[in-house]
Amino acid sequence: MIKSIAFNILFILLAGCSAKAIDPMEFAGQFKDKFNTQIKGDGIKLFVYQAKLATASDRNISDEPAHQQRIDRRMQDARSYAQEMREKEEFLELWTQQVQVGLNKTIVMTGYCRQGYIELSRYIENERGEIRGECNDGATAEDISKFGR
């Protein structure tokens with residue numbers, strides 16, 4: 001009985017320690033994105049938002065020391081496979097949120113979808129993502145001159 005209580009307390013403590021607040025702004029300045037628009041002849045406005053983590057060369061920094069540090073850390077660190085998988089899940093969740101934040105900010109900054117949009121497809125994987133969508137509003141003459149057909 002005492003072992004069972006102790007195990008439950010330990011499990012709750014470990015679960016609490018592994019759950020951390022996710023802040024998509026951790027990726028600020030570390031990714032590249034692209035926003036492509038297409039206006040169809042009948043005024044339907046489509047878009048494709050793509051984002052990827054910037055490589056060291058994209059950010060004009062040398063990847064050599066960081067790469068070697070990661071290798072050294074992995075050799076010294078005796079983390080379990082389960083912990084690594086948990087970290088990958090957390091990273092993917094954080095990255096997914098960052099791609100969404102990037103799309104939302106891009107749409108606001110460009111004014112492309114004034115009345116929101118419908119998501120047509122989403123493909124997110126580690127270090128890159130793509131969201132395709134269709135605006136709820138039709139193209140105006142101003143949209144056509146600003147974004148083209």
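The legends below describe close-up views of a predicted model.

**Figure 1. The disulfide between C113 and C135.** A search of the whole structure finds one disulfide, and this bond joins C113 to C135 with an S to S distance of 2.0 Å. The pair links distant parts of the chain, since C113 lies in the loop between helix 3 (81-110) and strand 3 (117-125), whereas C135 belongs to strand 4, the two cysteines being 22 residues apart. With the limit for a buried residue set at under 20% relative accessible area, C113 counts as buried because its relative accessibility is 7%, and C135 likewise counts as buried because its value is 5%.

Figure 2. Four strands form an open sheet in which the order is 1-2-4-3 and the pairing is antiparallel. Strand 1 and strand 3 stand at the edges, and each has a single partner strand, so one side of each is left without a neighbour in the sheet. On average, and with direction ignored, neighbouring strands of this sheet are turned by 10 degrees against each other. Strand 2 is mostly covered, with seven of its nine residues buried.

**Figure 3. The hairpin of strand 1 and strand 2.** Strand 1 and strand 2 run antiparallel and are joined by nine bridges, and T37 has F47 in strand 2 as its bridge partner. The two strands form a hairpin with five residues between them, and within the turn G43 has a positive phi of about 90 degrees.

**Figure 4. Strand 4 and its two partners.** Towards strand 2, strand 4 pairs in the antiparallel sense over seven bridges, and one of the contacts in this pairing is that of K52, whose bridge partner in strand 4 is R128. Towards strand 3, eight bridges join the two strands, which again run antiparallel. Here Y123 has E130 as its bridge partner in strand 4, while S121 stands opposite R132 of strand 4. Strand 3 and strand 4 also form a hairpin with two residues between them, and E127 in the turn has a positive phi of about 75 degrees.

**Figure 5. The second largest pocket.** About 170 Å³ of space lies in the second largest pocket, whose lining consists of K32, D33, K34, Q50, A51, K52, Y123, R128, G129 and E130. Strand 1 (31-39), strand 2 (45-53) and strand 4 (128-135) each supply at least two residues of this lining. Sorted by class, the lining has two nonpolar, two polar and six charged residues.

Conventions:
Residues numbered from 1 in each chain as written. Predicted model: local features only at pLDDT ≥ 70, side-chain atom pairs only at ≥ 80, totals over all residues. Heavy atoms only, no water. 1 Å grid on protein atoms, 1.4 Å probe; cavity = no way out; pocket = protein on both sides within 12 Å on 5 of 7 lines; lining within 4 Å. Points joined across faces, edges and corners; volume = space filled by probe spheres on them. Nonpolar A, V, L, I, M, F, W, Y, C, P; charged D, E, K, R; others polar. Disulfide = S-S within 2.5 Å. Buried < 20%, exposed > 50% of the residue type's maximum accessible area, 1.4 Å probe, protein only. Pairing = 2+ DSSP bridges. Axes fitted to C-alpha atoms, helices over the stretch in contact; angles between N-to-C directions.
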